[in-house]
Amino acid sequence: MSSYEDKAYQAAAIIGQDGKVWAQTSNFPQVKVEERIEIMREFDEPGTLTTMGLYLGGTKYVVIGVEPGDVTRAWKM
C-alpha cells in the first residue's frame, strides 16, 4: 500500500503518456477521452492541472503534487 503524507490511496491508475490506461484499481473512475487529453497536456505544460484541477470520470480533484513527466497526485474534492 502506498501513502502520501500518512494517508492511504483509495484508488490508483497508471496512464501512459499516450493517454492509454495501462492498469487501474477496480474502483478507479472511468476516464473520459477529454480527461486523458488534459492529463497528457500536463507532461507538455507542467502546472496546468495544479491551477485548473483534474477531472476523472466527471469528478473534480485537487492536484496536490506533480513530478513532471512522472506522476500526478490528486485528492477528490
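Tyr-55 has Lys-60 as its bridge partner in strand E6. That pair is a way into this predicted model, where local features need pLDDT of at least 70, side-chain atom pairs count only at pLDDT 80 or more, and totals for chains, interfaces and linings use all residues. Residues are numbered from 1 along each chain as its sequence is written, and side-chain values use heavy atoms, with hydrogens and water left out.

Start with the overall plan. The protein has two helices and seven strands. Both kinds of element are DSSP runs, numbered from the N terminus: helices are H or I with at least four residues, strands are E with at least two. Along the sequence the pattern reads β-β-β-β-α-α-β-β-β. The protein has 77 residues, and 21% of them count as buried. Buried means under 20% relative accessible area, exposed means over 50%, and partly exposed lies in between, with a 1.4 Å probe and protein chains only.

Now return to the strands. Strands of a sheet pair through backbone hydrogen bonds, either parallel or antiparallel. Here, an open sheet of three strands runs in the order E5-E6-E7, with antiparallel pairing. E5 and E7 are the edge strands, each pairing on one side only. From one strand to the next, the twist averages 45°. Axes for such angles are lines fitted to C-alpha atoms, for helices over the stretch in contact, and the angles run from 0 to 180 degrees between N-to-C directions.

Take the two pairings in turn. Two strands count as paired if DSSP finds at least two bridges between them. E5 covers residues 54-56 and E6 covers residues 59-67; three bridges join them in the antiparallel sense. Besides Tyr-55 with Lys-60, Leu-54 has Tyr-61 as its bridge partner. Two residues lie between the strands of this hairpin, and Gly-57 takes a positive phi near 60° there.

Rolling a probe the size of a water molecule over the atoms shows where empty space is left. The largest pocket holds about 810 Å³ of space. Its lining has 25 residues, and the closest to its centre are Ala-11, Ala-12, Ala-13, Phe-28 and Thr-72. A pocket is an open set of points on a 1 Å grid over the protein atoms alone, with protein on both sides within 12 Å along at least five of seven lines; lining residues have an atom within 4 Å of a point. Grid points are joined across faces, edges and corners, and the volume is the space filled by probe spheres set on the points.

Which elements supply the lining? Strand E3 (13-15), helix H1 (33-44), E5 and E7 each give at least two residues. E7 provides the largest share, six residues. By class, the lining has 17 nonpolar, five polar and three charged residues. Ala, Val, Leu, Ile, Met, Phe, Trp, Tyr, Cys and Pro count as nonpolar, Asp, Glu, Lys and Arg as charged, and the others, Gly among them, as polar.

The whole structure has one salt bridge, a side-chain nitrogen of Lys or Arg within 4 Å of a carboxyl oxygen of Asp or Glu. The side chains of Glu-38 and Arg-41 form it, at 3.1 Å, N to O. Both residues lie in H1, three residues apart, about one turn of the helix. Glu-38 is partly exposed, at 23% relative accessible area. Arg-41 is partly exposed too, at 32%.

Notes: On a 1 Å grid over the protein atoms alone, a cavity is a set of points where a 1.4 Å probe fits but cannot get out, and a pocket is an open set with protein on both sides within 12 Å along at least five of seven lines; lining residues have an atom within 4 Å of a point.
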